[in-house]
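Morning, everyone. I have one structure to walk through today. Please look at the display first.

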Amino acid sequence: MLKIEVFQEDVNVNTRTMPPKDGKPGRTIYEQTAYAYLGGKFPVQMKLQVENPAATYPAGEYQIDASSFIVNNFGGLELKRFGLTISQLPKQTSSNALKAAN
């Protein structure tokens, strides 16, 4: 399971506009900052693409579904660019967190 977290200060969306190129129309990309827990001491900052500014993820912890991973052309594992499936993890109460730590 890959856990990511959105902090309260990262609930906003950053917008990038890609200009038209080679006869293809321009497009707008909406991104939100999140942090991935990859096993190190600290989580790693990442960009989480959202469909529109109203579809932001609220602050909290999330799990990325296994169907959201693909093996790329070079045999490497990566996240799908589109169709990412994320589910929010239940919030732990302080007594549950203490039990989990012990």
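Start with strands E3, residues 27–37, and E4, residues 44–50: they run antiparallel, joined by 7 bridges. Strands here are DSSP runs of E, at least two residues, numbered from the N terminus. Two strands pair if DSSP finds at least two bridges between them. Glutamine 32 sits opposite leucine 48 in E4. The E3–E4 hairpin has 6 residues between the strands, and glycine 39 there takes a positive phi near 100 degrees.

Some ground rules. This is a predicted model, where local features need pLDDT of at least 70 and side-chain atom pairs count only at pLDDT 80 or more, while totals for chains, interfaces and linings use all residues. Residues are numbered from 1 along each chain as its sequence is written, and side-chain values use heavy atoms, with hydrogens and water left out.

Now the charges. How many salt bridges does a search of the whole structure find? It finds 2. The criterion is a side-chain nitrogen of Lys or Arg within 4 Å of a carboxyl oxygen of Asp or Glu.

One joins glutamate 61 and lysine 3, at 3.3 Å, N to O.

Glutamate 31 is in E3 and arginine 16 in E2, so the pair ties together parts 15 residues apart in sequence.

Buried or partly exposed? Glutamate 31 is buried, at 9% relative accessible area; arginine 16 is partly exposed, at 33%. Buried means under 20%, exposed over 50%, partly exposed in between, using a 1.4 Å probe and protein chains only.

Key
Helices (H or I, at least four residues) and strands (E, at least two) are DSSP runs, numbered from the N terminus.
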